[in-house]
Amino acid sequence: MASVLVPAAYLAALVIAFLIFGRIYRKRLAASRKLEPWFPAHHERDVYVSLLQCDPPAHDGLIKAALVRRAVADVHRIFRLREDKVALSNLLQRGSIGDDLWTSFLAAEKELEAEILEVVTEAETFKQGWGNLIFQTAAEIVQNEKLREGMNKVFHSRPQLEAKYNVTKRIVPTITINSPPPNANGAAPGTPTTTVSSKTLQQSLPTPSTSTKAESTIVSPPPAAPAVSVR
């Protein structure tokens, strides 16, 4: 029995010694190494502060726009912290990163909280109640920018996709407006007729169950509404 306990106690003491040594080594390494800040310099905040210090003072509309852009930059940082926190938590639990990186992340999180509070306070100085809405507006701007960026990517990748799938024909309906001639009695001309050429569009659509004419002219009875002719 004693022959089994002695090696087990030796292994346990060895593991504990290695754990203590690794913890002390990581702390000394973190103390000797200077970590870079989590975020770069806040350019939007510097612009807003410089506008406040202008002489003569800048226009209120310009200062408010700078404050909104500052809030937009903060929203981008909030989204990044949310994404990084999940990954860092998993890596910290596995022991893949040191405590110094997690400490730097927590410091960036506290700094962002102070920045948000400062933006809300500045917004309240311009208009009471704006502090509760400025970050909602900034979040909408961020979503709009992401949507516009996605649409631009689709627009720029369209020629490559058309060349890849051999698309040679586009469905682009044309609209022409023809003004009718004046009446015989010299009265003002009647309602203009709008002609929509959608032959290509009709070819791409499925054939309806009921038989209809290929070309029909529909004239609306009220004089205010334009008459539409579909060819």
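The questions below concern the chain and some of its helices.

This is a predicted model, in which local features need pLDDT of at least 70, side-chain atom pairs count only at pLDDT 80 or more, and totals for chains, interfaces and linings use all residues. Residues are numbered from 1 along each chain as its sequence is written, and side-chain values use heavy atoms, with hydrogens and water left out.

Student: How far apart are the end C-alpha atoms of helix α5?

Tutor: The expected span is 1.5 Å times one less than the number of residues. Because helix α5 (residues 134-164) has 31 residues, it should span 45 Å, and this agrees with the separation of its end C-alpha atoms, 45 Å.

Student: At which residue does α5 bend?

Tutor: The bend is the angle between axes fitted to the seven residues ending at a residue and the seven starting there. In α5 this angle is about 45 degrees, and Pro-159 follows within four residues of the bend, which is at Arg-158.

Student: Are α3 and α4 roughly parallel or roughly antiparallel to each other?

Tutor: Their axes, lines fitted to C-alpha atoms over the stretch in contact (heavy atoms within 4.5 Å), come within 10 Å and cross at roughly 155 degrees. Angles run from 0 to 180 degrees between N-to-C directions; under 35 degrees counts as roughly parallel, over 145 as roughly antiparallel, 65 to 115 as roughly perpendicular and the rest as oblique. Therefore α3 and α4 are roughly antiparallel.

Definitions and conventions. Helices (H or I, at least four residues) and strands (E, at least two) are DSSP runs, numbered from the N terminus.
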